[in-house]
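I opened a new page for this one.

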Amino acid sequence: MAGGLVGVKAAPFTYAAHALGAAAAVMVLVWCIHFRGGLAFDAVNKNLIFNVHPVLMLIGYIILGSEAIMIYKIFPKVNHDTAKLTHLILHAIAIVLGAVGIYCAFKFHNESGIANLYSLHSWLGIGAISLYGIQWIFGFVAFFYPGAAPGVRRGALPWHVLFGLFVYVLTLATAELGFLEKLTFLQSSGLDKYGAEAFLVNFTALVVVLFGAAVVVAAVAPKAQVPEPEGYAPIPVS
């Protein structure tokens, strides 16, 4: 499939993804804590509640979800059942943290008298996490418990991978819209368009794009050749 077309090994891209993911995590924390004043689930300054949203959506949702996607390539020699369970757990944690992040956005809007779900970012965000949850449920039922027959798993695996990458790319696009939307609001309220904070937000968004690209390439690139259990063979080329 795509791994053969890409013609590169997954390992270098997993290394790049980890470096870029760490950079993005630090940058979003610097933005929300240093420039935006900190994080809080309950505060007089409602902006502190909102600040939890980008932190959890990037670190808890996108970065942890990326680790789940890459787990088979990061540890190619780990027992398949162990990798599968880790994949499932990391995705579950990502969904929970993403849901909390979305809750904080709603809480900020409600307590600040701002309307909900009026922007493309919010529409795509709700859609992305809903599809993410559907993908997780399908993966749990088909590949974990109770688990479909080997032939069914082989047929479902390419679609599971393809749909998962689609949801992941949709999540990245939603994050980019979120950075743009928030920075536009801040600049409309007087933030210096060429100031340190504006550059930090834009560079964070760029790093997230590069991070996502590295994750996608790592996901479709071939890993080290190790025997696969029955029903989990690599997706055939034809």
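Predicted model: local features only at pLDDT ≥ 70, side-chain atom pairs only at ≥ 80, totals over all residues.

Which side chain meets Asp81 in a salt bridge? I looked it up: Lys84 does, at 3.9 Å, N to O. My rule for a salt bridge is a side-chain nitrogen of Lys or Arg within 4 Å of a carboxyl oxygen of Asp or Glu.

Residues are numbered from 1 along each chain as its sequence is written, and side-chain values use heavy atoms, with hydrogens and water left out.

**Salt bridges**

Asp81 and Lys84 both lie in helix α4, 3 residues apart, about one turn of the helix. I take helices (H or I, at least four residues) as DSSP runs, numbered from the N terminus, and strands likewise (E, at least two). I then checked accessibility, where buried means under 20% relative accessible area, exposed over 50%, and partly exposed in between (1.4 Å probe, protein chains only). Asp81 is partly exposed at 48%, whereas Lys84 is buried at 13%.

By this rule I get 4 salt bridges. One of them joins Lys46 to Glu111, with the closest N and O atoms 2.9 Å apart. Lys46 sits in the loop between α2 and α3 and Glu111 in helix α4 (residues 80–112), so this pair ties together parts 65 residues apart in sequence. Glu111 also meets Lys107 in a salt bridge, at 2.6 Å, N to O. Shared partners join Lys46, Lys107 and Glu111 into one network. Lys46 is partly exposed at 24%, Glu111 is partly exposed at 35%, and Lys107 is buried at 15%.

**Helix pairs**

Next I looked at α7 (residues 196–220) and α2 (residues 11–35): their axes come within 8 Å and cross at roughly 155 degrees. Axes here are lines fitted to C-alpha atoms, for helices over the stretch in contact, with angles from 0 to 180 degrees between N-to-C directions. α2 and α7 are therefore roughly antiparallel (an angle over 145 degrees).

The axes of α6 (residues 150–188) and α7 come within 10 Å and cross at roughly 175 degrees. That pair is therefore roughly antiparallel too.

**From the record**

UniProt, in an unreviewed entry, places "domain: Cytochrome b561" at residues 16–220; such annotations may be inferred rather than shown by experiment. I find that span to be 83% helix and 0% strand, with its end C-alpha atoms 15 Å apart.

Note on methods:
Parallel < 35°, antiparallel > 145°, perpendicular 65-115°, else oblique.
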